[in-house]
Every structure is written in structure tokens, then in C-alpha cells.
Amino acid sequence: MFKVLPGFREFYPEDCAKKNYIFAHWRNTAKSFGFVEFEPPVLEQLDLFTEKSGEEIKSQLFEFVDKGERAVSLRPEMTPSLARMVGARAAGIRRPVKWFAIGENYRYERQQKGRLRAFFQYNADILGENSINADAEIICLLIESLRSFGLTSSEFKLRLGDRNLWVLFLQSAGVDGDRLVSVLSVVDKFEKVSPQALSEMMAEALAGSQVDSEELISKIRAFIALKDVDSMRSAFPEGGELGSKIDERIADWKTLLMLLDNMGVGDFISPDLGIVRGLAYYTGFVFEAFQTVGTGRALAGGGRYDNLVKKLGYQDMPAVGFGMGDVTVSDLLELVGKGGSLDMSPDAYLIIGSEDLRPMALKLAGDLRRAGVKLDYPFKASGYGKQFKQADAVGASYAIILGEDEARKNIVKIKNLKTGSESEAAFEDIPSALK
Ligand code: HAM
């Protein structure tokens with residue numbers, strides 16, 4: 001017996017219907033914000049990810065050597081490919097670039113609820129715009145994409161962090177150079193690992209520096225505990241070069257929160273410095289959306305990554321974006337009963353009185369389908385009772401009955417299977433009779 005590989009899913013029709021429901025909401029919301037769809041390749045040169053995505057993803061790559069001896073990997077995310085695609089056209093591309101994509105990503109993850117090895121992800125990114133207006137637009141799109149399912153601020157929140165503020169904080173605590181990135185990836189783990197594991201990771205990140213690792217851990221804990229902008233400001237000294245940098249950044253925070261309030265999504269935002277993001281390329285505001293019911297897992301994550309396009313060898317191109325997974329979104333919709341109705345049923349089922357009527361029935365079926373009616377019919381013209389049962393079983397709203405009497409008069413009977421009411425219609429009037 002062959003089994004599906006761990007972490008992979010097979011989609012039966014009802015699963016596909018759920019997935020398509022989610023994709024349709026993502027797609028419609030992105031388009032309503034003026035985003036256009038793109039698609040990067042599934043397989044890429046390995047070093048696109050080993051160099052650009054960061055340590056954590058490196059250990060999760062589905063990598064292999066292809067028959068042409070190339071080191072390749074299935075994509076664990078789409079952002080490096082997006083940066084390459086936009087970078088390659090940077091000279092002539094209309095800015096701001098507002099692109100979205102929906103596709104499958106692959107990460108060799110440890111098995112846990114909500115994390116699979118193959119998952120779909122919706123990405124939306126703005127490139128070529130460095131103002132906070134772009135951060136606001138992306139965060140608003142993330143929230144509205146979830147809201148489009150009818151989800152509310154009591155079901156999910158967006159936690160907003162800031163790598164700029166962290167860099168200033170860590171520099172003022174004596175952390176510098178490459179250690180900044182290492183310490184930030186430890187900060188990313190604060191809520192996820194035991195105190196002992198944290199101490200070990202921090203000691204490793206600070207190896208060779210003068211900074212006391214336990215002291216830094218308690219400073220970081222206190223900093224993470226600050227949940228509003230004014231108290232974040234008070235964690236830093238006033239005046240001097242650092243003071244004015246902090247003032248500037250706090251002003252950015254206030255602008256961003258004001259913009260989001262005006263966009264009508266203020267209720268969803270919680271300032272939270274515990275969010276620093278695990279991927280290596282983030283540079284400014286970073287954010288994650290979490291469900292606030294059930295297990296509280298991450299629905300989406302993103303942030304600003306102003307250096308990635310340049311690091312790939314193209315011109316400087318600021319960028320901000322997010323990725324949202326289908327696994328946790330679909331679990332959440334199920335949990336709160338907002339999965340919508342599954343689009344799997346035909347509008348109508350054509351009931352054929354006898355095999356002699358099949359040629360006429362097929363012609364009618366063809367005309368109706370071309371007119372936009374979703375129509376099913378039986379391959380065997382069995383008794384009426386059996387055909388009605390089948391019409392119910394496939395979930396059709398209407399039965400269209402073509403019996404000997406109707407055929408002689410070039411009409412059909414139409415039965416509304418929900419209400420039981422019946423009427424007659426000439427062939428050409430059927431589509432409008434079904435509305
Ligand atoms: P990420 O935080 O790695 O960011 O993934 C974003 C979302 O994808 C997660 O919040 C989660 O919903 C989903 N996800 C990630 N890994 C898995 C998994 N193994 N199984 C199920 N769902 C998963 C990125 O990927 C960035 N490239 C997002 C981005 C776009 N940043 C800027 N633009």
C-alpha cells in the first residue's frame with residue numbers, strides 16, 4: 001500500500017472546494033487593492049534560499065541535485081524569487097510594484113499542528129516604495145484579506161514589531177556587527193523555547209563579546225513587555241544622537257498607527273516588540289497575524305525588507321510584504337464556522353424520461369451549459385424516482401424534467417428541489433427560469 005508522504009496532503013473534491021473558497025477570497029481582496037498576480041517557479045537554484053532566507057529555513061529545504069548536476073531546491077517561500085523577478089526588470093518597471101501570488105511552498109518541518117511540509121501561501125508585496133504608506137497598505141490588505149471571510153477582531157489580531165527599534169535597543173546594550181542578527185534570531189525564539197535553551201542560544205549568539213548574556217536576556221524581557229508606543233519611547237534616553245533617532249522612529253510608529261486607524265483596521269493592531277520574524281532579510285516594521293481563539297497560531301507574517309533586491313545584485317528597491325498560509329486559515333475558519341458554503345453542486349439536474357429522448361436531452365444540455373447553467377444528467381435513463389434521488393444527492397437546486405409529453409411540446413418541467421414548486425418552460429426560457 002502506498003501512503004501520502006508525511007506533511008503532504010491529498011485534496012479530495014470537498015477539500016479542493018474549501019481551498020478554492022479561500023483562494024477566491026484572497027484573490028478578490030488583493031485585486032480590490034489594485035494588486036496584480038504573478039507566479040514564480042516552484043524549483044529554484046539552491047543558493048537563492050541558502051543565501052537569502054536565513055538559517056532556520058536552510059535546515060528545512062527540500063533540496064537535491066538534478067540530472068544536470070545543479071544544486072536545486074523546491075521553494076520554501078516566494079520572496080527571494082519575487083525579489084529576483086522584480087529586480088531583473090527594475091529599470092523599466094512601473095512603481096510601486098503591487099504583486100500577489102498564491103502557490104505551494106515546501107519546508108521539511110518537524111511534524112506539528114498547523115505546520116505541514118507542503119502548504120499553500122498567499123503573498124502580497126509592494127516594491128519600489130519606501131514610505132510608511134506602503135507598510136500601511138500591506139498591513140491593511142493582510143487584515144482585509146482575513147476579514148473578507150467574516151473574521152473579526154475578536155478572532156485574530158496583528159502583532160506589530162519593529163526591527164529598527166530592536167537594532168537601536170541592542171546597539172545601546174553593546175551588541176553590534178553580525179551579532180545583531182544572531183541576537184535578533186534568539187529574540188524571535190523568546191516565546192517559543194525553554195529558559196534554559198534561551199540562555200544557551202543567547203550565550204552562543206554573544207560568543208566573543210563583552211555583553212553579559214543573562215543581563216541582556218532580562219533587558220530584552222523588559223523591552224518585549226512594553227506594549228504601547230509611549231512606553232517604548234521611555235525605554236531609551238532622551239537627547240543625543242540615539243535620542244533623536246528614537247524620536248524619529250517613534251514618530252513613524254505614530255504615523256503608521258494613525259494611518260491604520262483611518263483605514264478602519266486599528267482594532268486589529270497590537271504593538272508588540274516580541275515580533276521580530278525569523279527570516280534574515282527583514283529590515284523595519286515586521287508583523288504577524290495570530291488567531292486569538294483556539295490555539296493562537298500564526299496566520300500570516302511579513303514586514304519590510306529593503307535590502308533584498310540589492311543583495312541579489314539588482315538596483316536598490318525598498319520592499320514590504322506578507323505571506324499567509326492556507327493551513328491555519330482553513331483550521332480557523334472551521335473552528336469559528338466561517339468556512340462558507342462549498343461550491344460543489346450543479347444548478348440543475350436534467351431528468352431524462354427514456355433512452356429515446358437522450359439525443360434531444362444532450363442537445364438541450366449542451367445549450368444550457370453554453371448559456372452558463374451548471375448542469376448534470378444521468379448516464380442511464382432509469383426510473384424518475386432514481387433520477388430525482390440522484391438530483392438530490394448531487395445537491396442540485398432544480399430538476400429539469402424532459403419526459404415524452406414535454407418533448408412532444410418542446411418544453412420542460414422545472415422543479416425547485418428546495419421548495420417543491422413546479423413550472424413549465426420553453427427550452428430557450430430555461431436559463432431565466434432557473435434564476
Ligand atoms: P513565514 O512567516 O515563513 O513568512 O510564512 C508566512 C505564513 O506562511 C505563516 O504565518 C504560516 O501561516 C504559513 N506557513 C509557513 N510555514 C508553514 C508550514 N510549514 N506549514 C503551514 N503553513 C506555513 C514567509 O514565508 C515570508 N516569505 C513572507 C513574506 C512575504 N515576507 C515578505 N513578503
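The C-alpha centres of domain 1 and domain 2 lie 53 Å apart. Domain 1 covers 13-336 and domain 2 covers 348-434 of the protein chain, with bounds from an automatic or database domain assignment. The model is predicted: local features need pLDDT of at least 70, side-chain atom pairs count only at pLDDT 80 or more, and totals for chains, interfaces and linings use all residues. Residues are numbered from 1 along each chain as its sequence is written, and side-chain values use heavy atoms, with hydrogens and water left out.

**Ligand site**

- The ligand is surrounded by 27 residues, and the closest are Glu77, Thr79, Leu116, Asp125 and Tyr282; a residue is near the ligand if one of its heavy atoms lies within 4 Å of it.
- A ligand nitrogen is 2.7 Å from a side-chain N or O atom of aspartate 125, and a ligand nitrogen is 2.8 Å from a side-chain N or O atom of glutamate 109.
- For glutamine 121, the distance from a side-chain N or O atom to an oxygen atom of the ligand is 3.0 Å.
- On its own the ligand has 660 Å² of accessible area, and the protein covers 97% of this (Shrake-Rupley method, 1.4 Å probe).
- Two or more residues of the shell come from each of β6 (118-127), β10 (298-304), β11 (319-325) and α13 (326-335); helices (H or I, at least four residues) and strands (E, at least two) are DSSP runs numbered from the N terminus.
- β10 gives the largest share of the shell, five residues.
- The shell has 11 nonpolar, 10 polar and six charged residues, where Ala, Val, Leu, Ile, Met, Phe, Trp, Tyr, Cys and Pro count as nonpolar, Asp, Glu, Lys and Arg as charged, and the others, Gly among them, as polar.

**Second largest pocket**

- The second largest pocket has a volume of about 270 Å³, the space filled by probe spheres set on grid points joined across faces, edges and corners.
- Its lining has 15 residues, and Glu55, Glu56, Val181, Ser185 and Gly278 are the closest to its centre.
- A pocket is an open set of points on a 1 Å grid over the protein atoms alone, where a 1.4 Å probe fits, with protein on both sides within 12 Å along at least five of seven lines; lining residues have an atom within 4 Å of a point.
- α3 (55-58) and α7 (178-187) each supply at least two lining residues, and α7 gives the most, with four.
- By class, the lining has five nonpolar, four polar and six charged residues.

**Backbone features**

- The peptide bond from arginine 95 to proline 96 is cis, with omega near -5°, and proline 96 lies in the loop between α4 (79-88) and β5 (97-106).
- Arginine 277, a residue other than glycine, has a positive phi, near 75°, and sits in the loop between β8 (269-271) and β9 (285-291).

Technical notes
Polar contact = N/O pair within 3.5 Å; in protein donor to acceptor, adjacent residues only side chain to side chain.
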